[in-house]
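Visitor: I am new to this structure and would like a close look at a single part of it. Could you take me through that part slowly?

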Amino acid sequence: MQHILDAIMAASADPQSATAADFAALELPESYRAVTVHKDEAEMFADLRTKDKDPRKSLHVEDVALPELGPGEAYVAVMASAINYNTVWTSIFEPVSTFGFLERYGRLSPLGKRHDLPYHVVGSDLSGVVLATGAGVTKWAPGTEVVAHCLSVELESPDGHDDTMLDPEQRIWGFETNFGGLAHIALVKANQLMPKPAHLTWEEAASPGLVNCTAYRQLVSKNGGDMKQGDNVLIWGASGGLGGFATQYALNGGANPVCVVSNEEKAAIARSMGAEMIINRSEADLRFWKDPHTQDPKEWRRFGGMIRDLTGGEDIDIVFEHPGRETFGASVYVTRKGGTITTCASTSGYMHEYDNRYLWMNLKRIISSHFANYRESWEANRLIAKGKIHPTLSRTYTLDEVGQAALDVHHNKHQGKVGVLCLAPEEGLGVRDHEMRAHHLDAINRFRGV
């Protein structure tokens with residue numbers, strides 16, 4: 001891989017030094033370094049509580065064979081990637097082992113069969129450089145600097161042609177497919193590729209991907225919250241991976257974010273983004289559950305009162321919901337009549353419980369939201385490239401440290417997003433537009449050093 005890295009570094013120093021033909025002529029390795037989980041270890045944590053399951057024991061950094069390149073696909077030399085909750089779930093084999101996804105994909109076609117292996121290369125974010133493209137690819141040439149969204153679709157069924165997320169063969173790359181982004185090379189469908197924002201480093205450019213696109217669809221898109229100016233938006237975990245982008249979208253779109261955070265440090269991050277209405281859960285001592293099986297409606301009402309105190313007596317128009325079980329009852333309760341709860345992820349548990357009277361009798365809506373379609377992903381990336389929305393990167397690890405990075409996310413010891421250097425030898429590389437970067441530097445670095 002060193003000759004590939006050398007070519008990328010040379011092109012970065014002098015963009016005129018290499019052509020697409022030069023990159024296309026680079027010899028591809030038979031194997032590459034990647035982060036994997038192993039199928040024969042899927043039961044290794046079977047007797048442990050979720051929080052006791054340690055990704056450092058299940059994530060392996062090893063050499064794997066380069067897969068065959070199919071039509072409409074691309075190899076990307078991965079300079080940087082990032083950790084998402086789906087990598088944590090994969091590493092602890094919850095709620096199910098991802099090898100079931102790979103087996104089902106393997107039954108779809110001979111090309112799908114490539115993914116059904118005894119190991120799974122994980123990761124759903126990347127920034128890097130196109131190395132080669134398969135038959136039929138015309139938009140992306142070798143040598144192009146790119147990021148990738150994680151929507152993998154086949155689009156042979158009519159169902160997905162209005163909204164590609166509805167394709168029956170919709171999958172999340174690096175989670176429900178193999179050959180993900182936590183590696184030196186990734187295999188993607190060419191329609192996952194988007195231009196790398198020129199003012200960002202490799203690690204900064206890699207970090208928004210999954211969460212930025214998810215937040216855009218869930219809050220802004222007509223397929224999600226369809227947010228408008230003046231909406232009161234309740235954002236759980238407002239300085240986290242998803243919430244950090246939701247807060248930016250609310251502020252950027254003229255809405256009024258009510259930001260829920262867990263400590264004063266995270267409240268300071270929300271304020272630095274421009275948020276004014278903040279609820280510190282720890283300070284307020286909000287306890288929505290009396291015990292593991294019983295919620296406390298009095299706490300819902302107290303929470304609703306805190307929101308009205310901040311909004312001047314108004315209720316919430318849209319709830320940006322992702323914690324799930326722990327908060328969902330409260331989210332349904334505090335939403336205004338006719339309002340919307342948009343939900344994804346469920347990081348605190350998938351079995352949601354709420355009092356349906358507050359939904360049904362007040363004409364509220366629950367909208368499920370899962371990642372984003374290609375158009376939504378492109379729009380979300382465009383806003384990053386224009387400097388309207390900024391990365392939330394707080395810390396970067398090396399590929400060899402990926403187990404610790406996943407553990408930190410698993411135990412919520414992070415702010416915003418956690419990046420991973422893959423081929424990039426150090427942080428700070430890959431910037432093309434230094435003038436634009438200087439203009440936005442404070443916002444780009446907002447989550448660092450926390």
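Visitor: Which residue is the bridge partner of Val258 in β13?

Guide: In this predicted model, the bridge partner of Val258 in β13 is Met277. That bridge belongs to a pairing in which strand β12, residues 256–261, runs alongside β13 in the parallel sense over 4 bridges. Both strands are part of an open sheet of 6 strands, whose order is β13-β12-β11-β16-β17-β18 and whose pairing is parallel. Because β13 (277–280) and β18 (365–368) stand at the edges and have a single partner strand each, one side of each is left without a neighbour in the sheet. From one strand to the next, the twist averages 20 degrees.

Helix α9, made of residues 241–252, lies across β11 (232–236), β12 and β16 (316–321), and its direction is at about 165 degrees to β11. Helix α12, residues 297–311, lies across β11, β12, β13 and β16, and runs at about 155 degrees to β13.

Within helix α12 there is also a pair of charged residues to look at, since Arg302 and Glu299 both lie there, 3 residues apart, which is about one turn of the helix. Their side chains meet in a salt bridge, with 2.9 Å from N to O. Arg302 counts as partly exposed, at 34% relative accessibility, whereas Glu299 is buried, with a relative accessible area of 11%, because buried means under 20%.

Key: Residues are numbered from 1 along each chain as its sequence is written. This is a predicted model: local features need pLDDT of at least 70, side-chain atom pairs count only at pLDDT 80 or more; totals for chains, interfaces and linings use all residues. Side-chain values use heavy atoms; hydrogens and water are left out. Two strands pair if DSSP finds at least two bridges between them. Helices (H or I, at least four residues) and strands (E, at least two) are DSSP runs, numbered from the N terminus. Axes are lines fitted to C-alpha atoms, for helices over the stretch in contact, and angles run from 0 to 180 degrees between N-to-C directions. Contact means heavy atoms within 4.5 Å. A salt bridge is a side-chain nitrogen of Lys or Arg within 4 Å of a carboxyl oxygen of Asp or Glu. Buried means under 20% relative accessible area, exposed over 50%, partly exposed in between (1.4 Å probe, protein chains only).
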